[in-house]
Amino acid sequence: MFAHARLVVSNPAPGAVLDALPSVVELVFSEPVVAAGRGINVYGPDGRLASTGAARASGDGLSVEVAGGLSGTYAVVWTVVASDTHPSRGEFTFSVGHASPVRAPGFGGGDLGLVSPVGLVLQSLGRWMHFAGYALGFGAAVYALFVARDPRALRLAGVGVVLLLVAEPLALFAQTASLDPSQTFDGDALTGALASPFGRVLGLRLAAALALWAVLGALRQAAWLRWALPLLGAALALVDASAAHGTPLLPFPLGLVLNALHVATMGMWLGGVAAFVIAPAGGFGRVADWSLGLLVVSGVALALLHFDSPLELLTTPYGAVLAIKVPLVAVALLFAWRARHRWELATLLVVVAAASVVVSLPPPR
Amino acid sequence: MRRLHYGWVVAGVTWFTLLAAAGFRSTPGVLIVPLQHEFGWSRATISIAVSINLMLFGLFAPFAGGLMERFGVRRVVVGALLTVSAGSGLTVFMHEPWQLDLLWGVVVGVGTGSMATVLAAIVANRWFVQRRGLVLGALTAAGATGQLIFLPALAWLAVNMGWRAAALVVAGAALLGIPLVALFMRDRPADVGLRAYGATEADDPAPPLQNPVRAALGGLAMGVRNRNFWLLAGSFFICGASTNGLIGTHLIPASIDHGMPEVTAASVLAFIGVFDVVGTMISGWLTDRLDSRWLLFWYYGLRGLSLLFLPYAFGMQYFGLFLFIVFYGLDWVATVPPTVALTADTFGRKNLGVVYGWIFASHQLGAASAAFAAGAVRTYFGDYQLAFMTSGLLCLIAAGLVIRIGRASLPAVGTPAPLPAPSY
């Protein structure tokens with residue numbers, strides 16, 4: 001299972017009181033990780049860095065050498081990126097001889113979902129723009145070219161391209177801000193983010209947006225190229241799925257397809273409704289029914305896979321936001337049933353915002 | 001049997017000239033290490049001369065176009081060969097870095113710049129109506145091949161007989177080319193009482209004589225007012241950035257970074273060159289038959305995808321790299337024939353030389369920026385992944401640019417007509 005990396009075991013353990021400083025601090029995570037920045041910083045009782053150099057990764061483990069003769073409380077601050085691109089960070093202390101006040105810089109920041117609060121906000125905003133851009137870029141374009149055959153709705157696809165192109169740099173800054181808000185625009189931090197798995201996913205997302213732009217330009221001369229749009233949309237859904245929460249209990253390819261299906265049907269519904277408001281067409285009903293059905297089924301399946309018990313809807317931040325999202329989907333369905341499509345569209349944009357927060361939070365499992 | 005059209009003779013002479021010019025231009029690369037050994041100059045000092053050479057090679061192109069319109073192709077090429085010969089020969093006596101900058105940088109840069117791709121564009125367009133794309137493809141391929149076939153010999157000379165021998169051989173080869181050009185090169189079909197190959201009406205009359213600098217700047221002024229110029233120059237900037245600048249300069253060090261021996265890495269580049277010759281000839285043939293915008297759309301799109309694939313190809317060892325070589329090599333400079341055709345369609349054949357000169361200058365500007373930027377990225381990031389992926393994304397932008405080139409001034413090709421009519 002791949003999602004946000006969590007600290008499972010550490011040596012020394014959090015809160016441990018040791019006789020002497022060990023030569024190495026070792027951390028073991030819930031999944032393979034890449035160090036972000038130096039990966040592990042260990043601060044001595046004097047507030048100075050006690051770790052030497054960058055942390056070495058090996059599978060699920062991360063270790064760094066420490067040196068220093070002071071007794072007192074040491075603070076360990078770790079920053080990693082999971083193989084599904086999600087950043088996470090954490091901190092704990094251990095003491096040598098006796099406890100003393102912690103004097104590490106930026107310690108005790110009050111994290112939300114394993115990242116800094118400002119990072120979580122930026123991540124959610126970036127994902128919201130990405131999902132909205134996806135829906136307008138591909139959903140509205142497919143509506144315009146296959147359902148309504150109306151060029152008016154195609155203009156929404158241009159808006160989608162712009163949203164996608166703005167969302168990706170925002171996601172980059174969200175990544176660095178999640179690990180350390182003071183390093184958001186730091187060259188080394190941005191470099192590290194781009195060199196991690198996140199960098200490749202970012203490149204592929206930009207590639208999909210630019211390819212969409214190129215195909216939209218070419219459509220005027222070759223109508224058959226419209227078939228490239230659903231293909232490109234499916235490809236981007238798969239890229240998004242590769243960076244979404246891994247699904248426990250399912251084989252990896254099946255989880256990937258389930259996630260991609262959820263993204264793609266979201267795009268078809270939201271993009272389709274937006275296009276319908278501009279250029280209504282009778283044929284949309286059946287497309288909307290199918291995407292709605294698959295969207296709900298894949299969403300329920302994903303939710304069931306991520307929860308151990310229904311109680312987690314109340315006890316975890318992930319569950320709480322999902323508990324807000326689900327009734328909103330019901331409201332959107334109600335508007336759809338009553339044919340109040342502008343209200344349906346507005347509600348859906350809020351639903352996608354909630355989904356963006358959900359994807360940025362670590363799932364219960 | 002029909003007599004051979006004289007256009008083919010001119011094309012043949014031009015082909016050899018371009019082959020030689022490409023060889024001359026690539027010589028400084030071979031001389032870097034010997035010069036370093038003899039004079040103790042740093043690599044940065046010597047690189048300044050190479051940079052001047054590369055920049056002038058591009059920036060002098062529009063003025064060369066103007067010179068050819070004013071003084072004629074034959075005189076300009078003879079003058080350029082003399083210039084290269086003098087610049088290369090005089091290096092034997094140099095002992096200060098500024099002399100290297102002046103001779104290899106300025107003199108050879110201007111000389112080779114006068115014979116480069118603008119010459120190919122002018123010859124193909126003046127002498128050919130049918131088969132124009134094919135001729136242009138062959139001439140462009142000569143420029144790419146020239147850089148590959150002379151380098152091993154020049155390197156061997158520099159190593160075994162000293163760099164002065166290599167410089168003198170270049171000077172001698174340029175001098176030998178002069179009688180060939182003087183005897184067989186003709187400016188226009190009318191000079192030998194012919195029409196252009198495949199032309200149904202008389203050649204455009206020779207334009208009034210103009211000051212070449214004014215002609216070059218006039219071409220720029222004409223270009224910047226036209227949307228198609230920006231689309232062509234922008235896509236060609238990306239073309240230069242993603243070929244000469246990025247792959248030409250950095251593929252070998254990147255391959256070495258991934259544990260490939262240097263000789264193998266150099267062979268990779270050579271194979272790209274081989275596929276490039278094939279690809280450029282095919283591209284020329286296709287340009288005669290299909291809509292140039294669509295050709296460029298696919299070239300840039302596929303090049304972008306192969307660059308995005310490259311970071312993964314290094315992980316797949318030789319098979320992945322082989323795929324990249326084939327895919328990418330085939331459209332290394334395949335973009336030239338359709339770009340020239342679109343420039344000619346938009347601005348007319350009589351303005352082609354100067355306007356295309358500026359578009360080519362944009363190509364070299366892109367090459368120089370990418371060569372520098374990729375080096376900086378490597379120094380700073382310790383890996384080329386970002387440079388390769390950025391170039392891939394830029395190529396997708398180029399695909400989007402070329403497909404938006406205006407239709408108004410273009411003939412209708414690729415419309416449902418059963419057979420595409422001759423398109424110029």
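A crossing is called left-handed when the near helix is turned anticlockwise from the far one by less than a right angle, and right-handed when the turn is clockwise. Keep that handy for the exercises below, which all work on a predicted model.

**Exercise 1. Work out how α4(A) and helix α5 (residues 228–242) of chain A are oriented, and which residues meet there.**

Step 1: Start with the axes. Those of α4(A) and α5(A) come within 10 Å and cross at roughly 165°.

Step 2: α4(A) passes α5(A) in a left-handed crossing.

Step 3: Look at who's touching. From α4(A) you get V201(A), L204(A), R205(A), A208(A), A211(A), L212(A) and V215(A); these meet A228(A), L229(A), L232(A), A235(A), L236(A), V239(A) and S242(A) of α5(A). Sorted by class, the contact has 12 nonpolar, one polar and one charged residues.

**Exercise 2. Which elements of chain A give two or more residues to the side that touches chain B?**

Step 1: Get the head count. Contacts link 13 residues of chain A with 16 residues of chain B.

Step 2: Assign elements. The ones you want are α3 (187–195) and α4 (197–219) of chain A. α4(A) supplies the largest share, 10 residues.

**Exercise 3. A339(A) and R131(B) both have positive phi without being glycine; is each one buried or exposed?**

Step 1: Find A339(A). Its phi is about 60°, and A339(A) sits in the loop between α9 (317–337) and α10 of chain A.

Step 2: Count its neighbours. There are 8 other C-beta atoms within 10 Å, so A339(A) is exposed, the limit for that label being 12 or fewer.

Step 3: Move to R131(B). Here phi is near 65°, and the loop is the one between α6 (117–127) and α7 (132–161) of chain B.

Step 4: Count again. R131(B) has 21 C-beta neighbours inside 10 Å, so R131(B) counts as buried; the cut-off is 20 or more.

**Exercise 4. Where is the cis peptide bond between N11(A) and P12(A)?**

Step 1: Confirm the geometry. Omega is about 5° for the bond joining N11(A) and P12(A).

Step 2: P12(A) belongs to the loop between β1 (7–11) and β2 (17–18) of chain A.

**Exercise 5. Sketch the make-up of chain B and find what L139(B) touches.**

Step 1: Chain B has 16 helices and zero strands. Of its 424 residues, 54% count as buried.

Step 2: Find the core. The largest nonpolar core has 247 residues, and L139(B) is among those with the most contacts inside it, along with A140(A), A275(A), V123(B) and V402(B).

Step 3: List the partners. Leaving out residues up to four places away in sequence, L139(B) touches A11(B), T14(B), W15(B), L18(B), A120(B), V123(B) and A124(B).

Notes. Residues are numbered from 1 along each chain as its sequence is written. Chains are lettered from A and ligands numbered from 1 in the order in which they are written. This is a predicted model: local features need pLDDT of at least 70, side-chain atom pairs count only at pLDDT 80 or more; totals for chains, interfaces and linings use all residues. Two residues are in contact if their C-beta atoms, placed from the backbone, lie within 7 Å. Helices (H or I, at least four residues) and strands (E, at least two) are DSSP runs, numbered from the N terminus. A nonpolar core is a set of buried Ala, Val, Leu, Ile, Met, Phe, Trp, Tyr and Cys residues joined through C-beta atoms within 7 Å. Axes are lines fitted to C-alpha atoms, for helices over the stretch in contact, and angles run from 0 to 180 degrees between N-to-C directions. Ala, Val, Leu, Ile, Met, Phe, Trp, Tyr, Cys and Pro count as nonpolar, Asp, Glu, Lys and Arg as charged, and the others, Gly among them, as polar.
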